[in-house]
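Subject: Structure handover

Hello,

Here is the structure I promised to pass on. Please open it first, then read the notes below.

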Amino acid sequence: MGVQWRALALCGGFPKLPWIAEPHRYSAAEESAMRTVCDACPVRPECAADADDHRIEGGFWSGAARTAVAGRLDPGGA
Ligand code: SF4
């Protein structure tokens, strides 16, 4: 699918959610809202693979916050 998956990314329809903020800068309600959007997103696997491939170290991708240390800070809401 290449980079074309981004055209189907549901997060683009929710620009007021803090997709690129550090986790301590958003509320539990905002995190839950982002996770809900990701759960319904048709390109979640592509999003996760892209974040992994590019070693993304911030923001909220594919239902989880990511960090510089471990890549994913909070997989699945643990
Ligand atoms: S899975 Fe990725 S592309 Fe889809 S809404 Fe979540 S962050 Fe956006």
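Ala, Val, Leu, Ile, Met, Phe, Trp, Tyr, Cys and Pro count as nonpolar here, Asp, Glu, Lys and Arg as charged, and the others, Gly among them, as polar. On that basis, the shell around the ligand has nine nonpolar residues, one polar and one charged.

One caution before the rest. This is a predicted model.

Confidence

The mean pLDDT of the protein chain is 89. A score of at least 70 is reached by 83% of the residues. Among the elements, helix H1 (residues 28–40) has the highest mean, 98. Strand E3 (residues 71–72) has the lowest, 52. Where pLDDT is low, the predicted coordinates should not be read in detail.

Overall layout

The protein chain has two helices and three strands. Their order from the N terminus is α-α-β-β-β. The chain has 78 residues, and 17% of them count as buried. Take the contacts between residues at least 6 apart in sequence: 40% of these join residues at least 24 apart.

The ligand

Which residues are around the ligand? They are Ala 9, Leu 10, Cys 11, Val 37, Cys 38, Cys 41, Val 43, Arg 44, Cys 47, Trp 61 and Ser 62. H1 and helix H2 (44–53) each supply at least two residues of this shell. Cys 38, one of the shell residues, is in contact with Arg 44, Ser 62 and Gly 63, leaving aside its neighbours within four places in sequence.

The core

The largest nonpolar core has 10 residues. They are Met 34, Val 37, Cys 38, Val 43, Cys 47, Ala 51, Phe 60, Trp 61, Ala 64 and Ala 65. H1, H2, E1 and E2 are the elements that give two or more residues to this core. H1 gives the largest share, three residues.

The hairpin

Strand E1 (residues 60–61) and strand E2 (residues 64–67) pair in the antiparallel sense, over two bridges. Phe 60 stands opposite Ala 65 in E2. The hairpin of E1 and E2 has two residues between the strands.

Ser 62 lies in the loop between E1 and E2. Its phi is positive, near 50 degrees, and Ser 62 is a residue other than glycine. Is Ser 62 buried or exposed? Ser 62 counts as buried, because 23 C-beta neighbours lie inside 10 Å and the cut-off for buried is 20 or more.

Two more residues to look at

Arg 55 sits in the loop between H2 and E1. Arg 55 also has a positive phi, about 50 degrees, although it is not a glycine. Why does Arg 55 count as exposed? Arg 55 has 9 C-beta neighbours inside 10 Å, and a residue is exposed if the number is 12 or fewer.

Glu 30 is in helix H1. Glu 30 is partly exposed, because 16 other C-beta atoms lie within 10 Å. Not counting residues up to four places away in sequence, Glu 30 touches Leu 17 and Pro 18. Glu 30 and Trp 19 are 11 residues apart in sequence. In space they are 9.5 Å apart, C-alpha to C-alpha.

Best wishes

Definitions and conventions
Residues numbered from 1 in each chain as written. Predicted model: local features only at pLDDT ≥ 70, side-chain atom pairs only at ≥ 80, totals over all residues. pLDDT = per-residue confidence, 0-100. Helix = DSSP H or I, 4+ residues; strand = E, 2+ residues; numbered from the N terminus. Contact = placed C-beta atoms within 7 Å. Near = placed C-beta within 6 Å. Pairing = 2+ DSSP bridges. Core = buried A, V, L, I, M, F, W, Y, C linked by C-beta atoms within 7 Å.
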